[in-house]
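Me: Please give me a close look at one part of this structure. I am new to it, so start with a single residue and work from there towards the parts around the ligand.

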Amino acid sequence: MKNVILIAPPAAGKGTQSKLLSEKYNLIHISTGDLLRSASQKNDEMGTLIKGLIDNGSLVSDEIVIDLLKDALDGLNSGYILDGFPRTVNQAEKYLEMLSELNIPLGDVIFIDIPKDVIKKRIIGRLVCPSCGAVYNNLIEENKPSKEGICDECASALIKRQDDNEETFDKRYETYVKETYPLVDFFKSKGVLSTISGNLTKEETFDRLQQIIGNK
Ligand code: AMP
């Protein structure tokens with residue numbers, strides 16, 4: 001059973017790469033952002049709370065995220081890829097405890113390091129498919145959908161995420177630097193971190209990821 005954790009700044013391509021990796025290695029793709037977006041659509045107090053936090057670029061509390069993750073992992077007996085989790089050192093510590101109780105190996109932890117100005121450009125044009133999770137970009141020629149506004153893979157209408165605007169991005173990036181970036185040292189000190197850095201294309205990033213995952 002192979003598990004993969006991707007750590008990266010917002011809009012670095014975690015979702016796209018997770019989708020490619022899940023197809024290539026037959027891994028279940030677990031995105032805590034997707035789990036939370038779906039919880040935020042419920043018309044209850046919890047849904048409203050989660051929506052407010054996502055829309056202003058803040059993190060949802062560790063307790064809520066860990067509960068959702070536990071549900072997603074419950075009964076799973078194949079490898080998985082975690083996209084967007086852990087996002088704080090506390091989440092990583094809780095997750096490691098969970099793995100050791102369940103006797104599940106940590107797997108590969110990979111940090112995708114991309115400069116802020118590059119991802120900011122990507123975020124402004126990003127479009128996502130709400131049905132299959134495919135990601136496109138209106139401003140990057142090779143990432144445009146073949147038919148404007150329509151998913152190439154499942155023909156659903158593409159949408160713009162509400163938190164994909166400049167103001168929320170700046171807040172999300174600030175949160176990333178403060179809360180998530182310390183995970184790099186956390187996993188480095190445990191000797192389990194691999195890093196991919198630079199302004200790479202989707203294909204180049206996927207090649208590097210396969211080199212890391214395929215070698216283990
Ligand atoms: P993402 O789709 O990974 O960019 O996540 C979108 C938003 O969901 C983030 O900006 C956070 O508000 C929230 N979120 C996703 N994953 C986590 C997590 N592990 N911990 C806390 N908040 C999260």
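Reply: Ala-155 lies in the loop between β6 (135-137) and α7 (166-180); here helices are DSSP runs of H or I with at least four residues, strands are runs of E with at least two, and both are numbered from the N terminus. The model is a predicted one, in which local features need pLDDT of at least 70 and side-chain atom pairs count only at pLDDT 80 or more, while totals for chains, interfaces and linings use all residues. Residues are numbered from 1 along each chain as its sequence is written, and side-chain values use heavy atoms, with hydrogens and water left out.

Ala-155 is not a glycine, yet its phi is positive, at about 65°. With a relative accessibility of 54%, Ala-155 counts as exposed (buried is under 20% relative accessible area, exposed is over 50%, and partly exposed is in between, with a 1.4 Å probe and protein chains only). Asn-26 also has a positive phi, of about 55°, without being a glycine. Asn-26 sits in the loop between α1 (14-25) and β2, and its relative accessibility of 65% makes it exposed.

Strands count as paired if DSSP finds at least two bridges between them. Ile-28 has Tyr-80 as its bridge partner in β3. Strand β1 (residues 4-7) is also parallel to β3, joined by three bridges, and Ile-5 stands opposite Leu-82 of β3.

In a regular strand, side chains alternate between the two faces of the sheet. In strand β3 (residues 80-83), Tyr-80 and Leu-82 point one way, Ile-81 and Asp-83 point the other way, and all are buried. Pro-86 is in the loop between β3 and α5 (89-102). The peptide bond from Phe-85 to Pro-86 is cis, with omega near -5°.

Now the ligand. It has 15 residues around it, of which Thr-32, Arg-37, Ser-58, Gly-84 and Gln-91 come nearest; a residue is near a molecule if one of its heavy atoms lies within 4 Å of it. Helix α2 (residues 32-40) supplies the largest share of this shell, four residues. By type, the shell divides into six nonpolar, five polar and four charged residues (Ala, Val, Leu, Ile, Met, Phe, Trp, Tyr, Cys and Pro count as nonpolar, Asp, Glu, Lys and Arg as charged, and the others, Gly among them, as polar).

A polar backbone atom of Gly-84 is 2.9 Å from a nitrogen atom of the ligand. A side-chain N or O atom of Gln-91 is 2.9 Å from a nitrogen atom of the ligand. At Ser-58, a backbone N or O atom lies 2.6 Å from a ligand oxygen. Taken alone, the ligand exposes 480 Å², and the protein buries 96% of that, with areas from the Shrake-Rupley method and a 1.4 Å probe.

The side chain of Ser-58 makes a polar contact of 2.5 Å with the side chain of Asn-56; a polar contact is a pair of N or O atoms within 3.5 Å, and within protein one must be able to donate a hydrogen and the other to accept it, while residues adjacent in sequence count only if both atoms are side-chain atoms. Asn-56 is found in the loop between α3 (45-55) and α4 (62-73), and is partly exposed at 42% relative accessible area. Leaving aside neighbours within four places in sequence, Asn-56 is in contact with Thr-168 and Lys-171, where contact means heavy atoms within 4.5 Å.
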